[in-house]
Amino acid sequence: MHGTPHIVSDVMTHTVAAIGRGARFKEIVQMMAEWKVSALPVVEGEGLVVGVVSEADLLPKEEFRDSDPDRYTQLRRLSDLAKAGAVTAGELMTSPALTTHPNATLAQAARTMARAKVKRLPVVNDLGMLEGIVSRADLLKVFLRDDEEIAEEVRREVVAYLFPTPASTVRVEVRDGVVKLGGHVRDTSLVPVAARLVRAVEGVVDVEFELAGHGGSPESTTSTAGGTGSASQE
């Protein structure tokens, strides 16, 4: 859909803080604080992403700093105990890193984040080289789109395609990201298809219909734009 920022490269941050395998614990904490991030890609060579160090990887050092875990905890938290004794990024990082690509759709990136319960993803090219980073906040930028911009896209990409004139007369209104289609259409069986297509428009929060077939009663429905495991990368 023309004009819609619907791939990762449209919203990602290109300037990225990254560290090498040999970065020391305190250096990692300082860089996170300076860049105000909760995770850092770990790279080697010319920028090959080999892992990610997150706050979750660093916390075990504080958690187990002055404790003597029992045998059960040692067995259950073996990975965390290893990280509690780690001092470099190479020892602390989650590897391989969970990443995405610049041409991935925002929906694909959102699903990856949701399933893995992470806050950001390094963006890499086909060779695995770091190109940027995309965060949850970046993916939410689409909801800042102007209502009229959304309306124009719905008219052009959905209404003109499914309900062409003169047989249909469809009004498109958008308020706070909620799209409302009203008027008359030749075939009300296409309303579910319209719902799916409108939901696919970036920035749509909800979809409502008040459409009637010619000579028929209005079909009124509301369709919410729905959203979409686990690693220590955050």
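**Briefing: pocket lining, salt bridges and surface**

By class, seven nonpolar, three polar and two charged residues line the second largest pocket. Here Ala, Val, Leu, Ile, Met, Phe, Trp, Tyr, Cys and Pro count as nonpolar, Asp, Glu, Lys and Arg as charged, and the others, Gly among them, as polar. The model is predicted: local features need pLDDT of at least 70, side-chain atom pairs count only at pLDDT 80 or more, and totals for chains, interfaces and linings use all residues. Residues are numbered from 1 along each chain as its sequence is written, and side-chain values use heavy atoms, with hydrogens and water left out.

**Overall**

- The chain has 10 helices and nine strands. These are DSSP runs numbered from the N terminus (helices: H or I, at least four residues; strands: E, at least two).
- Of the chain's 234 residues, 41% count as buried. Buried means under 20% relative accessible area, exposed over 50%, and partly exposed in between (1.4 Å probe, protein chains only).
- Accessible areas come from the Shrake-Rupley method with a 1.4 Å probe; for residues, only the protein chains shown count as cover.

**Second largest pocket**

- Its volume is about 180 Å³.
- The lining consists of Thr13, Thr15, Val16, Ala17, Trp35, Val37, Ala39, Pro41, Arg120, Ile133, Ser135 and Asp138.
- Strand 2 (39-44) and strand 5 (130-135) are the elements that give two or more residues to this lining.
- The search uses a 1 Å grid over the protein atoms alone; a pocket is an open set of points where a 1.4 Å probe fits, with protein on both sides within 12 Å along at least five of seven lines, and lining residues have an atom within 4 Å of a point. Grid points are joined across faces, edges and corners, and a volume is the space filled by probe spheres set on the points.

**Salt bridges**

- The whole structure holds eight salt bridges. Each is a side-chain nitrogen of Lys or Arg within 4 Å of a carboxyl oxygen of Asp or Glu.
- Arginine 155 pairs with glutamate 152 at 2.7 Å, N to O. The two are three residues apart in helix 9 (residues 147-162), so about one helical turn separates them. Arginine 155 is partly exposed at 29% relative accessibility, and glutamate 152 is partly exposed at 39%.
- Arginine 156 bridges to glutamate 157, with the closest N and O atoms 3.2 Å apart. Both are partly exposed: arginine 156 at 39%, glutamate 157 at 26%.
- Lysine 180 and glutamate 210 meet at 3.7 Å, N to O. Lysine 180 is in strand 7 (residues 178-185) and glutamate 210 in strand 8 (residues 206-213), so this pair ties together parts that are 30 residues apart in sequence. Lysine 180 is partly exposed at 30%, as is glutamate 210 at 40%.
- A network of salt bridges links Arg145, Glu149 and Glu153.

**Nonpolar surface patch**

- Leu140, Phe143 and Val205 form a nonpolar patch on the surface, together giving about 280 Å² of accessible area. Patch residues have over 30% relative accessible area and no salt bridge; like charges are joined within 9 Å, nonpolar side chains (Val, Leu, Ile, Met, Phe, Trp, Tyr) within 5 Å.
- Valine 205 sits in the loop between helix 10 (191-199) and strand 8. Its relative accessibility is 38%, so valine 205 counts as partly exposed.

**A buried glycine**

- Glycine 47 lies in the loop between strand 2 and strand 3 (48-54). With a relative accessible area of 11%, glycine 47 is buried.
- Glycine 47 and leucine 130 are 5.5 Å apart in space, C-alpha to C-alpha, and 83 residues apart in sequence.
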